[in-house]
Amino acid sequence: MKIRALFFASLREQAGCDRLELELDDGVSVRELAATLEDRLDGLRLAGSLCAVNERYAAPDAELRGGDVVAFLPPVSGG
Amino acid sequence: MPGVDDAPETASRDRFVVTREPLDLGGLIAQLADPAFGALATFVGTVRSPNRGKRVRFIDYEGYEAMMTTQMARVAAELRERHAVGAVAIAHRLGRLEPGAASIAVVVASPHRAAALAACREGIDRCKELLPVWKYEVDDDGGGWVVGSTGAAEPL
């Protein structure tokens, strides 16, 4: 299945890009996707960050589906 | 909940704004105003300087714009569940802001002041936890990402 990963702020800097398209096995969790991304992108450290699937906050064990947009978000500091 | 029945069904009046232009507080208030709402509570957050003892030159605000809007709508829905809220407007500015510039506005309209003030206070607190926004703050010694909150969800 195809997944799009998005990176913001300090994670975008670490990743060296703001998005990445990946082909993954069905049923992969957010946590497993995070590990795959850390393997692929040198310097990316996702521990402690938040994630959102299709613009909604998601738990690390959330299961992904084809076409999902998974955003990796540093702790937020708006306002 | 006392007073809830007084609140008109006006969720369609809600306004959620992400902009790179100066925030238009007067415009938001005008959009929410209604004779049924005897109270309009507003909160405006601005870029503070000094911050932690250092003179701030500017803050670059970055946001996940599509998700900001969905989270603003979530905040409004939460406020409506808990308070006699008539209408809610939330606006956040992105880009480079200098000290004193307004970065966020929360406006709550309600038939009565107690509900308007309580919901406005709760609204800005939830925005701080939920809106996917990041601050890169630059002072005379350099810049860095401002430490944020993970109150929105279980982190990795």
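Two residues are taken to be in contact when they have heavy atoms within 4.5 Å. On that basis, 31 residues of chain B touch 31 residues of chain A. The model is predicted, so local features require pLDDT of at least 70 and side-chain atom pairs count only at pLDDT 80 or more, whereas totals for chains, interfaces and linings use all residues. Residues are numbered from 1 along each chain as its sequence is written, chains are lettered from A and ligands numbered from 1 in the order in which they are written, and side-chain values use heavy atoms, with hydrogens and water left out.

The size of an interface is often expressed as the accessible area lost when the parts come together. Here buried area denotes the accessible area (1.4 Å probe) that two parts lose on being put together, summed over both. Chains B and A bury about 2,500 Å² between them, with 61% of this on carbon and sulfur atoms. On the chain B side, the greatest losses of area to chain A fall on B:Tyr64, B:Trp134 and B:Leu156, which together account for 33% of what that side buries.

Polar contacts were also counted (pairs of N or O atoms within 3.5 Å; within protein, one must be able to donate a hydrogen and the other to accept it, and residues adjacent in sequence count only if both atoms are side-chain atoms). Between chain B and chain A, 18 residue pairs are in polar contact, both residues being at pLDDT 80 or more. Secondary-structure elements are DSSP runs numbered from the N terminus, helices being H or I of at least four residues and strands E of at least two. In chain B, β3, α2 (65-82), β6, α3 and β7 each supply at least two residues of the side that touches chain A, and α2(B) gives the most, with five.

A salt bridge is defined as a side-chain nitrogen of Lys or Arg within 4 Å of a carboxyl oxygen of Asp or Glu. The side chains of B:Glu62 and A:Arg12 form a salt bridge, with their closest N and O atoms 2.3 Å apart. This pair links strand β3 of chain B to helix α1 (residues 9-15) of chain A.
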